[in-house]
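This briefing covers a pocket lining, a helix and a set of salt bridges.

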Amino acid sequence: MKKTLLTAFSVLALFSFILIGPRVPAENSGSAGGSFTTMEHGIGY
Amino acid sequence: MEAKLTTIRSEIEKHLSRSGHNLASFAKVSGLNRGSLSAILHGNPPKPMSLGQLDAVTRAFGFPEGWLYPLYVDECFSEERISRRRIEPFLIRCAEIGKQHCIEDALNRIMEYPKPLGILYSVAEKLFANGKIQESLVFYKIIVDNEMDSYSERMAICQYRIFKSLESLVDKEEQLRAVITFEPYRGRLPENMQLDGLLKLANVCFTLQKWKDMGKYADELRALANAIYRQELRRKSNRRGEELDLFRPLVLYYAQGYLLKATALTKLERYEEAKKYTAGYADLNWFEILDEEGREVVKDFSLFAVANGFTLEMLIGNKAALPAYSAFLANNPGEILPGLVVIVESANRYGFSVDKVLAQFSREMVRFEQFMDPINIDRLYRLRYQISMYLLDRGQYNQGVETILQSLQLAIRLNGAASIIDCVTLFETYRHFATEQQQKKYGETLKELRKNEENTVNGIQRSGII
């Protein structure tokens, strides 16, 4: 049951990624927050 | 009747009499010396006023800062010379409080005197050192436009400062213009700026997908970092000379020289050579010049080497590496976006399914919208474009077309001509699967693009060199 719920949530999240899409920030607006770093496996580090 | 000329002194006199002060009482209120005040107002010739004195007068009258700045410009110039002692703090203060018209007035007059660029350079460097990057640019740009000796270090430093200030540019055309302008000056910089400039050049070439140029700058970065490393080791053993003042740990520039080269070779599909360069930054614990930050860098680069090892496996079609790569990404969330770009690209190239991986990271993917830097916006574009091809190839037309439209928006935002063409041709190929609403959205997006084009034709963006 738990697994089914998780899968359903994942599918929903994937679709929101596709449908809503990223809000591209204004130019020169600084760097990203959150836990993500700016690496393409090291590029931009 | 002859109009009375307004000067800084006439204004101060006028407000003195209005406020009912005499020199002695005003000197007390303003904290200025009475004799100095008298020499400034009534001396023959009147003593020039310092900026500190003017600010004290302004405060004593209760006016906002910069009240008489437009009239202060005259204090900085005589017939024969510029008063460096007065003009430098004046320009810095004007830049800090946004008195643009005073700066323009002063600059117009400075340029009429011989050798004005030294003063402007000093002002620019002081602003830059105080973190007033944007405010310093106007001065650097004037120097660049007027410097007679293009080979001078001063010219190279100005170009470097301008180039660095463009770090967060997303527009690819502007990025390319910045690279073309800065590139010839990179070798004339002091070593610390040279390292930083080469790193930045290679990074910009990554987003511009100029792989050969990226490799070239990586080669230069590696050679310079190596030379500085040897030089620093000699200096340490001889205990002579001063330590080089680098912006970031030397080991970072050294490691990036290998990582950037390996990435450029990977993009050129020269995978075996890329593996050799990846080994070059996988374990840098032997590096002798390491502080705490440097040791962190070594740790991070060994992680990147593992990640890029997976990248290479995926790109040569080793599907068996996918579970381990996914597990690695799950343990290192910062690497998910670049990892997914490679995974979906490989899936499209070799025709295998990555449905499970996309589902596994779907929640993280929603958060990619937080990214604001050019490298990650470019990655997000590439991920979306690859996902749209992946979905269309699997008959999921509605979502596939939707993702093309999202990719197109990003491509326009990045002003990447090749990317826009890719999205448009992909949409046209699958147009018959698009819903009416999607077709309408596509039409509106292109209409918006045409509007930008009209702006360009009408001259708004025509001043560029490319």
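In the classification of lining residues, Ala, Val, Leu, Ile, Met, Phe, Trp, Tyr, Cys and Pro count as nonpolar, Asp, Glu, Lys and Arg as charged, and the others, Gly among them, as polar. On that basis, the lining of the second largest pocket comprises 15 nonpolar, 11 polar and 10 charged residues. The model is predicted: local features need pLDDT of at least 70 and side-chain atom pairs pLDDT 80 or more, while totals for chains, interfaces and linings use all residues. Residues are numbered from 1 along each chain as its sequence is written, chains are lettered from A in the order in which they are written, and side-chain values use heavy atoms.

**Pocket**
- A pocket is an open set of points on a 1 Å grid where a 1.4 Å probe fits, with protein on both sides within 12 Å along at least five of seven lines; lining residues have an atom within 4 Å of a point.
- Of the 36 residues lining the second largest pocket, B:Leu208, B:Gln209, B:Trp211, B:Lys267 and B:Arg382 lie nearest its centre.
- H18(B) contributes the most to this lining, with five residues.

**Helix H16(B)**
- Helices are DSSP runs (H or I, at least four residues), numbered from the N terminus.
- B:Gly317, which follows H16(B), has a positive phi near 90 degrees.

**Salt bridges**
- A salt bridge places a side-chain nitrogen of Lys or Arg within 4 Å of a carboxyl oxygen of Asp or Glu.
- The total over all chains is 27 salt bridges.
- B:Lys164 pairs with B:Asp196 at 2.8 Å; B:Lys164 lies in helix H10 and B:Asp196 in helix H12 of chain B, so the pair ties together parts 32 residues apart in sequence.
- Within H16 of chain B, B:Lys299 and B:Glu296 are three residues apart, and their salt bridge has its closest N and O atoms 3.6 Å apart.

Definitions and conventions
Helix = DSSP H or I, 4+ residues; strand = E, 2+ residues; numbered from the N terminus.
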